[in-house]
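These are my notes from going through one model.

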Amino acid sequence: MTTVDDDRQDPQRVDTSVGTVAVDSVDSLSTKPAPPVMPPGRRFAWAIRGWRWLTSMRTALVLLFLLALGVIPGSLLPQRSLNPQKVDTYLAAHPTLGPLMDKLSLFNVFGAPWFAAIYILLFVSLIGCLVPRIRVHARALRAQPPKAPRHFHRLPESTSYENTEAGPRELADRAAATLRRGRWRVVTRDEADGVVTVSAEKGYLRETGNLLFHIALTVLLLAVAAGRLWGYTGSIIVMDGNGFCNTVQQYDSFNPGELVSGQSIAPFCMTLNKFSATYDKDGTASSFKGDITYTEGVSGPQKHDVLQVNHPLRIEGLRLYLLGHGFAPTFTVKDPSGQVFKNVSAPFLPQDSAYSSQGAIKLPDAKPKQIAIDGLFLPTAAETQKGVLTSIWPQATAPKVAIFAYEGNLGLDSGAPQSVYSIDRDQLANGALKQVGRKNLGPNQSYKLADGTTITFTGYKEWASLQVSRDPAQTIVLIAAGCIVLGLVLSMRLRRRRLWLRATPGDPGQGEHRTVIELGGLARTDAGVFSDEFRQITTRLRDKPAEPDGED
Amino acid sequence: MGTTALAHLSNTLYAFAIVAYAVAMISLGAEYAYGRRGRVARTSAVAAPEAKVLVGAGGPDVTATSDSVTPPTDDDAPRDLNLAERFGRVGVALLILGALVHAAAVSIRGASVDRVPWGNMYEFTSVACLVAVVAFLVVLIRQPKLRFLGGFVLLPVVVLMFLGGTVLYAQAEQLVPALHSYWLAIHVSAAAVGTGIFLVSSVGTILYLVRVHADKVAVAEGTEPSRVRSLGSRLPSAASLDRMAYRTVAFGFPLYTFGIICGAIWAEAAWGKYWSWDPKETWALITWVIYAAYLHARATAGWKGNKAAVINLIGFTAMIFNFFVINIVVSGLHSYAGLN
Ligand code: HEM
């Protein structure tokens with residue numbers, strides 16, 4: 001009986017008998033690299049040793065762990081690439097620890113040098129491990145099943161019986177034929193004294209699947225990197241009725257890969273004809289639609305499409321997404337000098353699910369002082385008990401604005417970039433800009449300031465936020481991902497296994513035919529399932545399917 | 001029947017399922033507690049390390065392990081056995097009943113909202129638990145002697161379903177437009193199935209570790225493992241628990257991989273990028289990498305057994321963390337939890 005200790009240390013192998021023969025054979029059923037052994041004192045021994053270490057299973061394991069660990073801060077700490085404002089808030093809140101964490105790239109984990117080190121090491125390990133494995137497997141695919149071991153009783157599965165009808169040759173041939181029909185790879189060999197053996201092997205596809213998985217994983221990582229280098233995304237807010245063309249300057253924000261040049265941006269123009277949103281009774285959105293006209297290339301024919309969430313426009317090498325929408329209130333402002341700014345507008349950003357939206361309108365050309373308006377646009381305004389305006393419905397059924405007016409210097413000349421959605425608070429703080437009034441306005445209501453300025457809320461427009469993406473390697477990523485799943489299914493569902501049969505002629509004195517048949521087998525994984533299979537095969541070969549075998 | 005009435009019916013059935021599972025849990029727990037070491041320990045000890053003997057010996061023993069009915073009565077302690085046996089049968093019957101009622105609850109929930117019934121955390125929990133129960137039933141068909149482990153599988157299921165029905169509960173509602181996609185059906189169901197299967201695997205793994213410990217104690221005390229009258233030594237052999245843990249991961253891992261890939265395909269259509277390091281995605285990747293490490297560890301000398309088992313549990317912890325902490329505490333693109 002197998003000892004308890006064996007159970008514990010080697011659960012995968014408890015089904016195999018303790019003998020080393022069986023264990024070695026099990027390992028020879030995969031292309032797993034041998035544990036690193038120290039090469040003898042040759043020159044470059046350290047390099048060889050290092051390489052063996054890097055491509056060993058153990059290192060792959062450690063690197064996988066490091067990868068999992070390394071990703072964690074990227075998911076728990078704010079990341080610059082996702083949300084730079086949150087990073088700033090975090091840094092402000094943690095003045096001592098923050099900068100240190102920043103130095104360790106903890107706010108930019110996925111671009112950090114140490115993160116790159118982990119995945120490059122893993123990648124090299126993967127390739128370094130794969131190349132020899134592919135060679136070994138290619139050899140195994142062409143090789144014949146190995147010779148039968150001398151003693152079957154040391155194999156995880158073994159049995160024997162006698163046959164009195166035929167000689168070893170015939171029985172072995174019969175067995176080989178049966179196994180071949182079961183799609184085993186079979187070879188028959190003659191041993192001394194008229195003994196015939198059959199070696200059979202099956203399930204090569206398991207290792208093929210495993211290699212497919214690792215190769216596809218490698219390809220996927222490469223394709224992801226290529227997409228990052230040669231791809232780009234740009235986002236832009238487009239008002240109803242307006243349009244844009246695909247040039248870097250037009251985007252509100254543009255994130256190119258390191259190898260993207262201005263020329264590589266495909267020409268393409270579009271106009272947003274009409275944005276529309278529909279809502280359920282409870283105020284959750286049921287659909288967003290952007291009706292667009294576009295041209296591919298510099299002067300292609302005009303085409304028409306409807307953008308929806310989950311339904312981007314896909315044209316040659318580009319994808320155009322509808323990511324969000326919002327309102328842009330329009331105002332007519334008359335400054336004290338008599339100058340009229342008619343229907344000025346700017347996109348306001350939605351703050352909640354009922355689209356209370358915040359934004360700012362800046363009039364640097366107003367005289368004698370620059371004028372700004374900021375505040376809230378409420379598509380369906382209602383007053384709370386405290387008298388504060390809030391929106392209760394995401395569609396513009398009863399729009400109102402709650403605004404502040406400012407006069408003074410907007411600080412636009414300072415050169416520092418300003419958010420288009422808010423006024424520069426520093427200018428307020430240093431007194432260059434002053435709040436001169438506040439008011440809630442309904443449609444076409446006006447507000448007159450002390451200096452004669454009038455602000456009229458004239459209505460609203462809708463806008464859509466669009467994103468243009470290009471990722472030249474995306475299709476490769478998808479195909480590789482498909483191969484990953486296929487490879488996994490093959491390597492998880494299939495079992496590589498070997499079977500041997502030895503037919504020995506019996507004592508000649510005891511009758512014409514008395515052939516002793518011994519059978520042995522082993523499987524690399526899921527020995528329990530193989531046990532059943534082995535039993536079935538044994539019964540089939542004996543040609544007495546109904547009766548179980550009597551002894552070992 | 002109106003939509004609200006359907007939703008109510010679904011909730012009632014959900015509650016019934018919890019009750020059925022809870023009673024099944026107690027019943028199977030009782031089988032575990034009353035079952036004399038005789039049957040349980042013997043069948044399980046025979047099962048794995050001596051598979052060779054089994055095959056050789058053939059006959060009734062072989063049918064005992066592969067048959068879905070219980071093995072022939074043991075002569076050791078027939079009275080106890082019968083009691084345990086009865087508890088076991090009642091437990092499995094309740095388990096099947098619970099699963100049927102649960103499946104009905106899930107389907108009716110789907111009908112009441114006219115979409116797939118896994119759009120928020122409550123619904124996801126419900127589906128994942130159903131999968132765990134079904135996965136365990138499948139394990140039972142293959143390895144019937146593991147029946148009395150049902151209590152251990154049902155404990156987390158009952159707790160999760162209780163949390164799901166109380167803390168995580170969300171009214172039957174429509175979903176935001178980003179969720180109007182058949183990818184919801186595919187991506188989330190693959191994730192839910194993976195979750196349920198990994199749950200079963202982690203239970204097997206914990207029991208494996210308990211058993212290994214019990215064996216160690218037994219060896220230290222110089223007694224045969226089956227003689228020790230501790231709960232641990234009544235568990236099936238370490239080998240069969242380990243095999244159960246491995247098989248479930250081997251089945252769940254490709255599915256989970258498929259689920260992540262479907263998520264990426266969906267993200268490509270909905271968010272403009274197939275991968276954006278959203279916290280939820282990131283933790284799915286962490287979970288995936290850890291389970292990959294588990295599979296690797298099992299093939300790495302020096303990492304088999306205990307260490308691999310611990311990796312399995314870390315993987316499951318990462319998945320649970322993703323579900324509870326990331327969904328509730330950390331906001332990202334995936335904020336569809338349905339909680340306010
Ligand atoms: C990104 C990194 C990697 C991932 C995610 C990964 C994942 C996997 C998975 C899921 C399996 C299936 C295990 C099974 O069949 O039971 C596997 C098997 C295997 N991996 Fe990797 N792997 C990675 C890197 C490597 C590296 C670097 C090596 C080389 C040392 C390696 C060598 C192997 C081998 C030899 C097997 C087969 C084990 C066996 O025969 O049971 N893998 N890997």
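I started with B:Ala20, which counts as buried at 10% relative accessibility; buried is under 20% relative accessible area, exposed over 50%, and partly exposed in between, with a 1.4 Å probe and protein chains only. B:Ala20 lies in helix H1 (residues 3-34) of chain B. Helices (H or I, at least four residues) and strands (E, at least two) are DSSP runs numbered from the N terminus. Leaving out residues up to four places away in sequence, I found B:Ala20 touching B:Leu94 and B:Gly98, where contact means heavy atoms within 4.5 Å. The C-alpha atoms of B:Ala20 and B:Gly98 are separated by 5.0 Å, with the two residues 78 apart along the chain.

Conventions. The model is predicted, so I note that local features need pLDDT of at least 70 and side-chain atom pairs pLDDT 80 or more, while totals for chains, interfaces and linings use all residues. Residues are numbered from 1 along each chain as its sequence is written, chains are lettered from A and ligands numbered from 1 in the order in which they are written, and side-chain values use heavy atoms, without hydrogens and water.

Metal site. Which protein atoms are donors of the iron atom of the ligand? I found A:His214 (NE2) and B:His296 (NE2), 1.9 to 2.0 Å from the iron. Donors are N, O and S atoms within 2.8 Å of the metal (3.2 Å for Na, K and Ca); water is not among the atoms, so sites may look incomplete. A:His214 sits in helix H9 (residues 204-230) of chain A and B:His296 in helix H10 (residues 279-298) of chain B, so the pair joins two chains. Both A:His214 and B:His296 are buried. The iron has six donor atoms, with angles of 79 to 178 degrees among them, and the site is octahedral. Six donors count as octahedral if opposite donors are over 155 degrees apart and all others between 65 and 115. For reference, the ideal angles for six octahedral donors are 90 or 180 degrees.

Helices against H10(B). I looked up helix H4 (residues 57-76) of chain A next: H4(A) and H10(B) pack at about 165 degrees, with axes 9 Å apart. Axes are lines fitted to C-alpha atoms, for helices over the stretch in contact, and angles run from 0 to 180 degrees between N-to-C directions. H4(A) and H10(B) are therefore roughly antiparallel, a label for angles over 145 degrees. B:His296 is one of the H10(B) residues that meet H4(A). Within chain B, helix H9 (residues 238-270) packs on H10(B) at about 145 degrees, with axes 10 Å apart. Among the H9(B) residues in that contact are B:Tyr246, B:Phe253 and B:Tyr256, and among those of H10(B) are B:Trp288 and B:Tyr291.

Backbone of chain A. I recorded 12 helices and 23 strands for chain A. Of its 552 residues, 47% count as buried. Most residues other than glycine have a negative phi, and most peptide bonds are trans. A:Ser105 has a positive phi of about 60 degrees although it is not a glycine. A:Ser105 lies in the loop between helix H6 (97-103) and helix H7 (113-142), and is buried at a relative accessible area of 17%. A:Tyr355 also has a positive phi, near 60 degrees, and counts as buried at 12% relative accessibility. The peptide bond from A:Lys367 to A:Pro368 is cis, with omega near 0 degrees. A:Pro368 lies in the loop between strand S14 (357-363) and strand S15 (370-378) of chain A.

Definitions and conventions: Four donors count as tetrahedral if all angles lie between 85 and 135 degrees; four count as square planar and six as octahedral if opposite donors are over 155 degrees apart and all others between 65 and 115; anything else is irregular. Angles under 35 degrees count as roughly parallel, over 145 as roughly antiparallel, 65 to 115 as roughly perpendicular and the rest as oblique.
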